[in-house]
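Please open the model in your viewer and keep the selection tool at hand.

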Amino acid sequence: MFQNRLSQDLRVYLVMGLDGFGERTALEIAQEALADGVTMIQLREKKAPLKQVLEQGAELKALCRQYKVPFIVNDRIDVAMLLDADGVHVGQDDIPGTEARRLLGPDKIIGISAGTMEEADWAISNGADYLGVGPIYSTSTKLDAGHAIGGNLIRDIAARWSIPVVGIGGIDETNAIEVIRAGANGIAVVSAIYNHPEPGYAARSLLRIVRESSDKV
Ligand code: TZP
Ligand code: MG
């Protein structure tokens with residue numbers, strides 16, 4: 001049941017920091033994207049002072065609650081706990097899933113990144129609720145993301161495990177369909193929504209693509 005719900009929530013997953021873009025603040029971008037179809041949000045802020053992350057993170061969480069969309073914190077289990085986020089997303093070198101679970105309890109969402117089948121196996125054995133797989137395509141958003149791996153790992157994971165999977169890295173309206181057809185439940189994006197001149201429009205088109213391509217899987 002939890003996983004069923006999660007696979008729906010993962011359809012259009014916006015990963016964002018706290019800097020605004022263009023004329024919009026981070027909150028304004030999130031608001032437009034939520035109003036038009038984003039199904040989950042991850043706060044991934046690497047450089048702002050903790051005080052600011054807690055203040056603005058609380059506002060972002062409130063916005064997510066308003067739209068009944070899960071609010072996830074990247075890396076920082078302390079921030080996730082202080083904000084009473086719906087979960088945490090961690091990489092292979094961050095706090096292990098089992099330890100995150102001990103701190104967060106059974107009801108919170110734990111997402112873990114994986115770029116190889118070994119990493120996916122490790123994440124699952126550490127209690128991941130979903131996997132973030134990538135970078136699927138090349139991306140300039142995360143400079144140390146490594147080389148693009150394409151859709152094959154998603155295909156292999158879908159064949160081997162029944163865990164919700166979201167693809168990440170260089171995904172936009174032109175290639176989202178391939179990610180879903182490979183077997184992902186959704187797409188996680190930064191720039192395709194965040195840096196789009198109309199974030200709401202981008203969210204709506206991505207959700208339509210995910211919906212239409214999921215029907216055909
Ligand atoms: N992890 C792997 S790729 C990536 C992250 C956070 C960045 C994705 O950003 P974009 O702009 O959607 O390529
Ligand atoms: Mg990390």
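Begin by selecting strand E5 (residues 109-114) together with E4, which run parallel and are joined by four bridges; strands here are DSSP runs (E, at least two residues), helices likewise (H or I, at least four), numbered from the N terminus, and two strands pair if DSSP finds at least two bridges between them. Within this pair, Ile 109 in E5 is the bridge partner of Gly 87. Follow the chain from E4 through helix H5 (residues 97-104) to E5, a β-α-β crossover that is right-handed, meaning that the path from the first strand over the helix to the second runs clockwise when the strands point away from the viewer.

This is a predicted model, in which local features need pLDDT of at least 70 and side-chain atom pairs count only at pLDDT 80 or more, while totals for chains, interfaces and linings use all residues. Residues are numbered from 1 along each chain as its sequence is written, and chains are lettered from A and ligands numbered from 1 in the order in which they are written.

Next, select strand E3 (residues 71-74), which runs parallel to E4 and is joined to E4 by three bridges; Asn 74 stands opposite His 89 in E4.

Now zoom out to the closed barrel of eight strands, which runs E1-E2-E3-E4-E5-E6-E7-E8 with parallel pairing.

Finally, select ligand 1 and the 15 residues that surround it (C-beta atom, placed from the backbone, within 6 Å), of which the closest are Thr 139, Thr 141, Gly 169, Val 190 and Ser 191.
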